[in-house]
Amino acid sequence: MPVTEDVFKDVMGNVPAAVTVVTALDEAGTPVGLTVSAFSVVSLRPPLALVCIDKGSQTLPGVRDGGRFTVNFLADGAEELAIRFASKSPDKFDGVPTRPAPVPGCGPILTGDACGYALCDVVRTVEAGDHWIFVGQVLDAALWRERRPLMYCRRTFSAWHAPEGDGLGSRPAQASGRALGLMMTIEL
Ligand SMILES: Cc1cc2nc3c(=O)[nH]c(=O)nc-3n(C[C@H](O)[C@H](O)[C@H](O)COP(=O)(O)O)c2cc1C
């Protein structure tokens, strides 16, 4: 017997997730997009990542039929944009700074609100419950190192903060395990 919906939502809503806006182009070449937290890295060789999109999404046909999508990893401060792209508004891109992806068929890059992006070519589509999973080969990716990622957990947006430093500066990065009184050095 499966877990109840309430318990499922409660437990899964307690898992911190990156906030992304997945963009694509519809059949007329018009940008479409939605807020997605169901993103995961899948593989390094080849570089694969996945997103899960609700079957009722208006953006879904653009991703499915175009076969390409852009994952915009939102930056701290982009909470309102996340909410806008979680709506059904036909004007989601109005006034939003964007530039076309350098890879044909991928959706726009949100230059003012993202801290990074990944341009993906769909290599596998899997039906899973009320969502479709799109596994994409990452053709190109980049980040704005000075911007901090936006996170979502317990129905709340917050900025990601490393306990010490930001993990993106000098190498090797240092992270402290304060709760355990430990100091770990991670060789990148
Ligand atoms: C923080 C957050 C995370 C979300 N994550 C997802 C997700 O992973 N997949 C999904 O299909 N919808 C997700 N949504 C809901 C969609 O953004 C929402 O249904 C949106 O209206 C879909 O827009 P569209 O129909 O124009 O594509 C999320 C919403 C929020 C606020």
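Analyst: Happy to! Two strands pair if DSSP finds at least two bridges between them; strands (E, at least two residues) and helices (H or I, at least four) are DSSP runs, numbered from the N terminus. This is a predicted model, in which local features need pLDDT of at least 70 and side-chain atom pairs count only at pLDDT 80 or more, while totals for chains, interfaces and linings use all residues. Residues are numbered from 1 along each chain as its sequence is written.

Let's begin with an open sheet of three strands, in the order β1-β9-β10 with antiparallel pairing. Its edge strands, β1 (17-18) and β10 (156-159), each pair on one side only. Four bridges join β9 (residues 150-153) to β10, and Tyr152 stands opposite Phe157 there.

Now to β8 (residues 131-143). It pairs in the antiparallel sense with β5 (residues 48-54) over seven bridges, with Asp54 opposite His131. Strand β7 (residues 114-128) is also antiparallel to β8, over 12 bridges, and Val122 faces Gly136. Two residues lie between the strands in the β7-β8 hairpin, where Gly129 has a positive phi near 60°.

On to the core. A nonpolar core is a set of buried Ala, Val, Leu, Ile, Met, Phe, Trp, Tyr and Cys residues joined through C-beta atoms within 7 Å; buried means that 20 or more other C-beta atoms, placed from the backbone, lie within 10 Å of a residue's own. The largest such core has 32 residues, and Val71 is among those touching the most other members. Strand β7 gives the largest share, six residues.

Methods: Buried ≥ 20, exposed ≤ 12 C-beta atoms within 10 Å, placed from the backbone.
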